[in-house]
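Please consider the model shown below, which is a predicted one.

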Amino acid sequence: MAMAKVFCVLLLALLGISMITTQVMATDSAYHLDGRNYGPGSLKSSQCPSECTRRCSQTQYHKPCMVFCKQCCKRCLCVPPGYYGNKSVCPCYNNWKTKRGGPKCP
């Protein structure tokens, strides 16, 4: 019985440490997914082509992706990290909509 209590306490402690570690890592990497700063105004317009090449590198619609990404980058001076998603890092990039109300930026 005592051994079961000790085991449960250790298991709960391990779970708590794991949760704290996960939280710390998540807040640390929110805007620094690969060691760089992301967010509004984090780029110069001359950096847009290379950032859009990275952003659009894994899509089958490469040319349209590049066209719209460059437009969005030049206006917002920001390209989200990764190949897809993560648009919340760049509010301007995320909120620019087409005439039909769909997302303008890839």
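**Helix H3 and its surroundings**

In this predicted model, helix H3 comprises 15 residues, 62-76, and spans 20 Å from its first C-alpha to its last, close to the 21 Å expected at 1.5 Å a residue. Its buried residues are Cys65, Met66, Cys69, Cys72, Cys73 and Cys76. Because these residues cover an arc of only 140 degrees around the axis, they lie on the same side of H3. The face turned away from that buried side carries the exposed residues Lys63, Lys74 and Arg75. Just after the helix, Leu77 adopts a positive phi of about 55 degrees.

Against what does the buried side of H3 pack? The partners of its buried residues are helix H2 (48-55) and helix H4 (91-95).

In soluble globular proteins, nonpolar side chains tend to be buried together. The largest nonpolar core of this model contains 17 residues, and those with the most contacts inside it are Cys52, Cys56, Cys69, Cys73, Val79, Cys90 and Tyr93. H2 and H3 each contribute at least two residues to this core, and H3 gives the most, with six residues.

Definitions and conventions. Residues are numbered from 1 along each chain as its sequence is written. This is a predicted model: local features need pLDDT of at least 70, side-chain atom pairs count only at pLDDT 80 or more; totals for chains, interfaces and linings use all residues. Side-chain values use heavy atoms; hydrogens and water are left out. Helices (H or I, at least four residues) and strands (E, at least two) are DSSP runs, numbered from the N terminus. The expected span of a helix is 1.5 Å times one less than its number of residues. Buried means under 20% relative accessible area, exposed over 50%, partly exposed in between (1.4 Å probe, protein chains only). The arc is that of the directions from the helix axis to the C-beta atoms. Contact means heavy atoms within 4.5 Å. A nonpolar core is a set of buried Ala, Val, Leu, Ile, Met, Phe, Trp, Tyr and Cys residues joined through side-chain atoms within 4.5 Å.
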